[in-house]
Amino acid sequence: MLRLITDFDGPIMDVSERYYRVYQFCLEKIRYPQQSVQELSRAEFWQLKRSRVPEKQIALKCGLDDTQAQEFAHLRRKTVHTDSYFQYDSLIPGAVDTLLKIQQAGIDLAVMTMRRVRELDYALQKYELGNFFPENRRYCLSNDYVKTSDVEDKPLLMERALAELPPACDTWMVGDTEADIAAAKKYGIKVIAVESGIRDRTQLEIYQPDVIVEDLRTAVKLILESRLAEIGS
C-alpha cells in the first residue's frame, strides 16, 4: 500500500489572506493615534513571511517603534489562530482535483496539521473535504493542547500516526515548512516540500527535503511516476 501524509495549510489551504488580515488588524491596533505608518501590500507582506522575516522586523519596517514592534509581535501571535480569522483561508487552486486523483489512484491518504481539532473540522466542513480524510486519517492537535514549537510538536503527531496507521510499503510526506521536513526525516519518511505555502524555496532548501516542487499536484505526479518506475524496474 502506498501512503501519502499531507500537511493541510500550504499544500491544501492558502492562509496568506488570513495572515495579511491579522497583520492589518495588529498594525491598526498598535499604531498611536495620528501616527503615520506604512502598510505593506499583501504581496510584500507575504514575501516577508515566506522568507521568515521576524514579526518585530516587519513591524519596524512599517514605522512602529521598538516597544510597539514587540506589542505587535505579541498581538499577532495571539490573534492569527483565533476562530474569527479562519474564514479568510481559501483552497489552493487545483487542490481538490489533486485529492480526487489521490483517491482514484488508491493511495492511502492522511492529513497531519498543527491546526487544532475545531480548526481542522471547520475547514473540512466548509470546503467539503471530509470524505478525503476520515476521522482515523486526521492527525492534529487537541483543542486544549499546549503548543511548544511546530518543529517539536509535529514529530509527535508523526509518531502517533505511524503507531496507529496500518503498515504501508511506501510512505511519503508533503508539507510546506521545516516542521514537516523534521517530522518526516525523524522517521525515515521521504518528504516533498511545496512552494505553495508559508516558506519560500530558499528557506525550504536549508532543511534538505528530498524534493522541492511547486504544489501538491506536482508532488502527487512525482510520487505516482516514482511508483510506476519502481513497478517497471
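Q: In this predicted model, which helix holds both Arg-160 and Glu-164?
A: Arg-160 and Glu-164 are 4 residues apart, about one turn of the helix, and their side chains form a salt bridge in which the closest N and O atoms are 3.8 Å apart. Since a salt bridge requires a nitrogen to oxygen distance within 4 Å, this pair qualifies. The helix that holds both residues is H7 (residues 150-164).

Q: Is Arg-160 buried, partly exposed or exposed?
A: Buried means under 20% relative accessible area and exposed means over 50%, with partly exposed in between. Arg-160 has a relative accessibility of 34%, and therefore counts as partly exposed.

Q: Which residue forms a salt bridge with Glu-55, and is Glu-55 buried or exposed?
A: The side chain of Glu-55 meets that of Arg-76 in a salt bridge of 2.9 Å, N to O. This pair links distant parts of the chain, with Glu-55 in helix H3 (residues 55-61) and Arg-76 in helix H4 (residues 66-79), 21 residues apart. Because buried means under 20% relative accessible area, Arg-76 at 10% counts as buried.

Q: In which strand does Arg-138, the salt-bridge partner of Asp-121, lie?
A: The closest N and O atoms of Asp-121 and Arg-138 are 3.5 Å apart. Asp-121, which is partly exposed with a relative accessible area of 26%, lies in helix H6 (residues 117-126). Arg-138 is 17 residues apart from Asp-121 and lies in strand S5 (residues 138-141).

Note on methods:
Residues numbered from 1 in each chain as written. Predicted model: local features only at pLDDT ≥ 70, side-chain atom pairs only at ≥ 80, totals over all residues. Heavy atoms only, no water. Helix = DSSP H or I, 4+ residues; strand = E, 2+ residues; numbered from the N terminus. Buried < 20%, exposed > 50% of the residue type's maximum accessible area, 1.4 Å probe, protein only.
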